Amino acid sequence: MKNKSLNNFKVSSLLRMAEITEDLEKRNFYLQEAENLLLGTSNHKELEEFKLADDSVIEFFSTVSFDELDGEPVRETYEDYIEFCLNEQFQPVANNEFSKQLQRVANLSTYRKLVDGKKITYFSHNKVK
């Protein structure tokens with residue numbers, strides 16, 4: 001049962017990675033690996049060797065609820081992501097790439113608000129806030 005849950009998680013992660021990557025070769029690889037996992041023909045060694053920076057973002061996304069990010073400061077979310085990467089031994093992506101992927105995958109936008117004289121950027125499910 002645990003192995004089936006792990007495979008489902010891997011398939012879901014691979015499909016998310018295929019959705020967010022702009023590289024056609026990566027997208028095809030992720031889709032093929034997801035199919036192989038579903039069919040039981042995956043080459044796990046090849047999958048492990050193909051671990052990229054996108055993996056860290058996808059893995060982080062799997063630990064948070066996108067609804068919880070609504071109204072959260074982008075900086076704090078990125079700091080949580082950096083901490084996650086350190087704990088999981090991933091190489092983090094840059095802040096702007098992280099934010100871009102999160103906006104694309106979670107359908108979030110950003111807005112700025114003046115707080116104590118500083119402009120703070122927040123995530124939002126609404127396009128205008």
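A note to myself on the ground rules. This is a predicted model, where local features need pLDDT of at least 70, side-chain atom pairs count only at pLDDT 80 or more, and totals for chains, interfaces and linings use all residues. Residues are numbered from 1 along each chain as its sequence is written, and side-chain values use heavy atoms, with hydrogens and water left out.

**Entry: burial.** Of the 129 residues of the chain, I find that 35% count as buried. Buried means under 20% relative accessible area, exposed over 50%, and partly exposed in between (1.4 Å probe, protein chains only).

**Entry: helix 2.** I checked the length of helix 2 (residues 24-39) first. Its 16 residues should span 22 Å at 1.5 Å a residue, and the end C-alpha atoms are 22 Å apart, which agrees. The expected span is 1.5 Å times one less than the number of residues. Which residues of helix 2 are buried? They are Phe 29, Tyr 30, Glu 33, Ala 34, Asn 36 and Leu 37. Seen down the axis of helix 2, they fall within an arc of 165 degrees, so they line one face of the helix. The arc is that of the directions from the helix axis to the C-beta atoms. On the face turned away from the buried side of helix 2, I noted the exposed residues Leu 24, Leu 38 and Leu 39. Just after the helix comes Gly 40, with a positive phi of about 80 degrees.

Entry: I searched the whole structure for salt bridges and got two. A salt bridge is a side-chain nitrogen of Lys or Arg within 4 Å of a carboxyl oxygen of Asp or Glu. One joins Glu 79 to Arg 75, with the closest N and O atoms 3.2 Å apart. Both sit in helix 6 (residues 74-88), and because they are four residues apart, about one helical turn separates them. Glu 79 is partly exposed at 41%, and Arg 75 is exposed at 64%. Helix 6 also holds Phe 84, which is buried at 14%. Phe 84 lies 28 residues from Ser 56 in sequence, with 8.5 Å between their C-alpha atoms.

Entry: Glu 97 pairs with Lys 100, the closest N and O atoms being 3.7 Å apart. The two are three residues apart in helix 7 (residues 95-106), about one turn of the helix. Why does that spacing matter? An α-helix has 3.6 residues a turn, so residues three or four places apart point the same way. Glu 97 is partly exposed at 26%, as is Lys 100 at 44%. The buried residues of helix 7 include Phe 98, Leu 102 and Val 105. Down the axis of helix 7, its buried residues fall within an arc of 165 degrees, so they line one face. Asn 107 follows helix 7 with a positive phi, near 55 degrees.
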